[in-house]
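Reader: I am new to protein structures. Please take me through a single part closely, step by step.

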Amino acid sequence: MTILKKEALIHFGSALLFLLVISLFKRYFSIGYIGFWIGGILGTLAPDIDHLLYLYLLKPQEATSQRVRYMFQKGEVLKTFQLMVSTRSERKDLVFHNLLVQSAFLVLVFWVLSSSGSLLGRGFVLAFALHLSVDQIVDFLQMDNINNWTKKLPIELTREQAALVAIGFLVVLSFLALFV
């Protein structure tokens, strides 16, 4: 399995399972709930904009950024995405992929779930937050830490603390999704 297929399977598989559990728990069975699923698809894709911002705006001078732009200009779209996925751990200054933004986003999730009737918005924020949580867990499993997520914060987490943080965000998100 290619790295790109694995990445898509991880994110869309987890989003599908997460949204399905929520739909079953909250009885979102009619066609009127399609907005929830559309929001979920959009929310699953949205955090990857972070990588494009990094490559094209924040750090365009880096070698990987230049390679991505060159390959994309040549029309090698699939190879470009494979390069982006295989080098994602190199990008340490992502806008959305840090604990501070992730924490603030959980507040936004609570606000949208508790005060908005928009199913599209609910699906979007839940899938967006899930994508961040999955990325954090993947980083922990691949690198045995989440240092990229704490780079701009004056904290250093032990391996055990990092695992608790990664799982904790997923637990809080699941609680919000099911009970708010």
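This is a predicted model: local features need pLDDT of at least 70, side-chain atom pairs count only at pLDDT 80 or more; totals for chains, interfaces and linings use all residues.

Author: Asp139 and Arg88 form a salt bridge, and their closest N and O atoms are 2.9 Å apart. The two residues sit in distant parts of the chain. Asp139 belongs to helix α7, residues 119–143. Arg88 lies in the loop between α5 and α6. They are 51 residues apart.

Are these two residues buried or exposed? Asp139 has a relative accessible area of 5%, so Asp139 is buried, since the cut-off is under 20%. Arg88 has 10%, so Arg88 is buried by that cut-off too.

How many salt bridges does the structure hold? It holds five. Another of them joins the side chains of Asp93 and Lys59, at 3.6 Å from N to O. Asp93 is in the loop between α5 (77–86) and α6 (99–115), and Lys59 is in the loop between α3 (49–58) and α4 (63–73). The pair therefore ties together parts that are 34 residues apart in sequence. Lys59 has 23% relative accessibility, so Lys59 counts as partly exposed. A network of salt bridges links Lys59, Asp93 and Lys151.

Now move along the chain. Asp144 forms a salt bridge with Arg159, with the closest N and O atoms 2.7 Å apart. Asp144 lies in the loop between α7 and α8 (147–150), while Arg159 is in helix α9. The pair therefore ties together parts that are 15 residues apart in sequence. Asp144 is partly exposed at 38% relative accessibility. Arg159 is partly exposed as well, at 44%.

Arg159 brings us to α9, which covers residues 159–179. This helix has 21 residues. From first C-alpha to last it reaches 30 Å, close to the 30 Å expected at 1.5 Å a residue.

Which residues of α9 are buried? They are Ala162, Ala166, Phe169, Leu173, Leu176 and Ala177. Seen down the axis, the buried residues of α9 fall within an arc of 105 degrees, so they line one face of the helix. There is a general rule behind such a pattern. An α-helix has 3.6 residues a turn, so residues three or four places apart point the same way.

What does the buried face of α9 pack against? Its buried residues pack against α1 (3–26), α6 and α7. On the other side of α9, Glu160, Leu164, Val171 and Phe179 are exposed.

Note on methods: Residues are numbered from 1 along each chain as its sequence is written. Side-chain values use heavy atoms; hydrogens and water are left out. A salt bridge is a side-chain nitrogen of Lys or Arg within 4 Å of a carboxyl oxygen of Asp or Glu. Helices (H or I, at least four residues) and strands (E, at least two) are DSSP runs, numbered from the N terminus. Buried means under 20% relative accessible area, exposed over 50%, partly exposed in between (1.4 Å probe, protein chains only). The expected span of a helix is 1.5 Å times one less than its number of residues. The arc is that of the directions from the helix axis to the C-beta atoms. Contact means heavy atoms within 4.5 Å.
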